[in-house]
Amino acid sequence: METKLTKYIVPNVLAMLGMSCYILADTFFISVAQGANGITALNLVLPLYGLIYALGAMLGVGSATRYSLAKSLESEQADHYFFNSVFFTLCLSIPFVLAGIFAPEQVLRLLGADADIAAVGRGYIQVVLCFAPCFMLNYTFTAFTRNDNAPKTAMAATLISGVFNIIFDYIFMFPMQMGMVGAALATGISPIVSMAVCAGRFVLGKSGLRLALRRPSWRKLCAACSLGVVAFVGEISSGITTLVFNFILLGLGGNIVVAAYGVVANIALVGTSLLNGVSQGLQPLASAAHSTHNENAKRLILRQGLQIAGAIAVAMTALVFLFAPQLVAVFNTEQSQTLADYAQTGLRLYFLGFLIAFINMVCSGFFSATGKGAASSAIALSRGVAAIAAMAFVLSRLWGIPGVWLAFLASELVTLVITVFFLFRFRFSEK
């Protein structure tokens with residue numbers, strides 16, 4: 001079982017790491033080209049990324065989980081989930097494309113940009129919105145590829161697209177002098193590369209998945225979304241956190257503090273991606289064990305998933321505490337001491353939250369994979385929406401900017417109470 005679990009988790013963790021690394025590359029190149037204002041603009045756009053990714057993940061991961069459950073029961077309905085996911089994902093992406101064409105600056109101002117930041121970020125957000133269908137569909141392709149017994153292909157797709165993004169970030173921004181528009185263009189094209197890699201397996205006949213053209217089903221959509229809530233909240237939680245933090249920090253310290261938070265948020269995204277990789281990686285095996293009523297296997301998968309995620313969380317936190325100045329310096333190209341002071345303190349306080357978050361994230365993903373939608377949704381909504389927003393407002397009033405950094409830890413502690421409740425309920429109800 002441990003070998004099987006590692007087979008799924010390691011490629012998924014590496015894939016999520018690759019995805020977060022190309023966002024870090026965006027941040028680095030933008031900091032070089034546009035300085036603190038560029039980082040601020042990017043950070044104001046991050047909640048939009050969160051919403052786009054979250055909707056794509058909800059449909060893609062949720063549909064792929066339903067596909068796995070149906071396939072393990074040898075149901076003829078299994079292949080229908082892929083086309084259903086593609087169809088409804090494209091429908092959901094239409095409002096983003098329209099906003100990108102007709103109202104990009106208005107969206108950016110809605111996210112908190114002043115005139116200076118809007119001037120820097122308008123082209124960037126326009127490209128991001130217009131490429132929303134690609135960002136969203138990528139989740140369907142990679143999730144179905146992973147759950148079709150090809151986790152290494154899904155990993156390769158994400159890593160190759162990440163390398164493409166990093167290389168063309170540089171090419172578009174500097175030799176071609178496209179600035180932030182170039183960064184957005186490289187990021188927008190990269191999911192197309194990822195989908196092409198996944199589709200290659202299908203075209204070559206190596207996939208067990210069949211493209212079943214059927215009338216779109218609202219029932220299957222709802223069934224998929226019920227299991228995709230965890231993936232949705234896992235992706236949107238960072239966006240909601242960023243949105244709330246942005247508005248609070250704008251009031252406490254202005255654009256420079258938001259730029260500092262941009263550094264913190266982008267580095268923290270690596271941590272979130274790694275733990276999401278563990279959570280999503282254990283789901284195919286957990287779903288298979290659940291479908292065969294193998295309770296011992298389910299407990300073993302959960303325990304080993306927690307052990308792997310815990311080791312990652314401890315290692316990440318230790319690295320941040322030891323190397324916070326060096327990590328911040330990479331993105332502080334203007335060598336602002338104010339930005340450095342805020343970001344170094346923020347990193348250390350914020351990463352303490354991962355020492356608790358790994359439990360909540362793994363358990364939430366596990367409950368989703370084993371059909372316990374209410375439990376997974378309660379955990380995900382607490383940590384990703386309700387608790388983090390409440391703690392940010394309360395702690396910022398008590399301790400100012402340090403209180404904002406500690407809100408992540410506080411929200412995870414609140415959510416841990418909910419997680420422990422469901423763990424005990426699961427433990428004793430299944431005996």
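## Helix assignment and model

Helices in this report are DSSP runs of H or I with at least four residues, numbered from the N terminus. By that numbering, Y170 is placed in helix α6. The model is a predicted one.

Apart from neighbours within four places in sequence, the contacts of Y170 are F29 and P175. Between Y170 and A309 there are 139 residues of sequence separation, and their C-alpha atoms are 33 Å apart.

A15 belongs to helix α1. Its relative accessibility is 6%, under the 20% limit, so A15 is buried. What lies in contact with A15, once neighbours within four places in sequence are set aside? The contacts are A154, M155, T158 and L159. For one of these, T158, the C-alpha atom is separated from that of A15 by 5.3 Å, although the two residues are 143 apart along the chain.

How many cavities of 30 Å³ or more does the structure hold? The count is 4, and the largest cavity has a volume of about 400 Å³. This largest cavity is lined by 30 residues, and those closest to its centre are E235, S238, G239, L269 and T272.

Several helices take part in the lining of the largest cavity. At least two lining residues come from each of α1 (2–72), α8 (218–253), α9 (255–281), α13 (354–369), α14 (373–399) and α15 (401–429). By class, the lining of the largest cavity divides into 15 nonpolar, 12 polar and 3 charged residues.

## Aromatic rings

The model contains 27 aromatic pairs. One of them joins Y350 and F354, with ring centres 6.5 Å apart and planes at 65°. Because an angle over 60 degrees counts as edge-to-face, the Y350 and F354 pair falls in that class. Are these two residues buried or exposed? Y350 is buried at a relative accessible area of 8%, and F354 is buried at 0%.

Y350 and F354 also belong to one aromatic cluster, whose members are F245, Y261, Y350, F351, F354, W405 and F408. A separate item concerns a charge and a ring: K220 lies over the face of Y81, at 6.0 Å from the ring centre.

Most residues other than glycine have a negative phi. Which value does phi take at N149? The angle is near 65°, a positive value in a residue that is not glycine. N149 is located in the loop between α5 (132–147) and α6 (151–173).

Q335, also not a glycine, has a positive phi of about 55°. The loop that holds Q335 runs between α11 (295–331) and α12 (337–351). With 71% relative accessibility, Q335 counts as exposed, because this value is over 50%.

Key: Residues numbered from 1 in each chain as written. Predicted model: local features only at pLDDT ≥ 70, side-chain atom pairs only at ≥ 80, totals over all residues. Heavy atoms only, no water. 1 Å grid on protein atoms, 1.4 Å probe; cavity = no way out; pocket = protein on both sides within 12 Å on 5 of 7 lines; lining within 4 Å. Points joined across faces, edges and corners; volume = space filled by probe spheres on them. Nonpolar A, V, L, I, M, F, W, Y, C, P; charged D, E, K, R; others polar. Phe/Tyr/Trp six-rings, centres within 6.5 Å; stacked < 30°, edge-to-face > 60°. Buried < 20%, exposed > 50% of the residue type's maximum accessible area, 1.4 Å probe, protein only. Lys NZ or Arg CZ within 6 Å of the ring centre and 35° of its normal. Contact = heavy atoms within 4.5 Å.
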